[in-house]
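The sequence and the structure are shown below.

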Amino acid sequence: MTLSLKIKSSTNYAYIDKPTQVSLIIRIVPETFTKFNGIHYVILIDNSPSMRKENKLQTAIASANRLASEVPPGNFISIYLFSNDLEKIYEGPSGSPIYLQEVKKGYTTNFHKAITKILEIVKNYPNPVKLIILSDGKPTDKRNLSDYEPIQVPPNVQIISIGIGNDYNEAIMKRLADKGAGVYYHILDPSQLPSLFVQQKVTDVAGYNLVLNVPPGFEVINYEMPVNIPIIDKAVTIYAIGTIPPGNQPVVLTVSGNYYDPVRGLIVPLNESIYLQRAPDYVVQQNINQSVIAEVRYFSLLKQYSNALTSGSNKEATQIAQELLAAAEQTKREDLIEETRKLTGNPKQDLSEVTKTMRRQ
């Protein structure tokens, strides 16, 4: 088995005469890895006039070139610019430098148009796509977050969004990363781009195009539903919460899905169930796993914090940030405590940190 599925539940018992809230930590654990060829890296770079300041455009293209050189042969690279319209300036195999002529000047930032077009192009690619989106400005065509909600990201596409400076829409960048099971990065210095691009290189994978379904009535906290993860190159943790109605019969909670195994060349099913026995109140209460509850609660608060920042509710965000630190300490996880202390209240910086924490192992 290349991937294994493991579930930790906050309880193995359910109330008889009242609802039972259940928290789940679902782990997708790679058992074996293989060298994989066939990932399509699609790089979408803003070509508006502001990108020509501070050598941002030149640095972005040079960073794409470095990524193309360092990705092993057998994968694919496409580079697009967007301004007035979407323009492909390169497409070819990875593993060697790219030689580009001087690019034409752009004059606006038709961001929504570019995203819509590129997703239409890549949705028919048979292999996983890592879509890297880079911009330093606000969209000039569709400017509101609500305009981007209807966008459907194909299940084979992971989105890495990168915002440079302080004059772009962080809520849109984060939302695209969430829709594409990826990460949003906020940077101030263009010199960070080369290393950031190279971080996106994938060499060993355990599987790809993972689809996962949680039990009915459960909500996933740190991924979109249904869960689609295009590339599995590390362990994945999924947090979910739901309510079991009262009753006399035991409850079976099943997590199911499938993924493509590149070694065997076939789609492999995943299926794991846990059983909740009905019990008196005192039995349920005595057997609650507080560590699971604390960890899931932390990620639920983290989602609330990002929602407050996105909506501009600074007072609410401040209150939740205080709860977050207490919740992080309850988990006894040093990594979460450290990440929580990094939060500053700056929407760009904090929304970026949220996506990193949500997608970490």
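Among contacts in the protein between residues at least 6 apart in sequence, what percentage join residues at least 24 apart? The share is 72%. The model from which this value was computed is a predicted one.

## Overall architecture

The protein contains nine helices and 17 strands. Its radius of gyration is 22 Å, close to the 21 Å given by the globule rule for 361 residues, so the protein is as compact as a globular protein of that length.

Taken along the principal axes, the box filled by the C-alpha atoms is roughly 75 × 50 × 35 Å.

Of the 361 residues, 54% count as buried.

## Nonpolar cores

The largest nonpolar core comprises 49 residues, of which L44, F111, I118, L119 and L131 touch the most other members. Helix α6, spanning residues 290-311, gives the most to this core, with nine residues.

Which residues does I118 touch, not counting residues up to four places away in sequence? The contacts of I118 are V42, L44, Y80, L86 and L131. Two of these partners, L44 and L131, are themselves listed with I118 among the residues that touch the most other core members.

Definitions and conventions. Residues numbered from 1 in each chain as written. Predicted model: local features only at pLDDT ≥ 70, side-chain atom pairs only at ≥ 80, totals over all residues. Heavy atoms only, no water. Helix = DSSP H or I, 4+ residues; strand = E, 2+ residues; numbered from the N terminus. Rg over C-alpha atoms; globule rule 2.2 N^0.38 Å. Buried < 20%, exposed > 50% of the residue type's maximum accessible area, 1.4 Å probe, protein only. Contact = heavy atoms within 4.5 Å. Core = buried A, V, L, I, M, F, W, Y, C linked by side-chain atoms within 4.5 Å.
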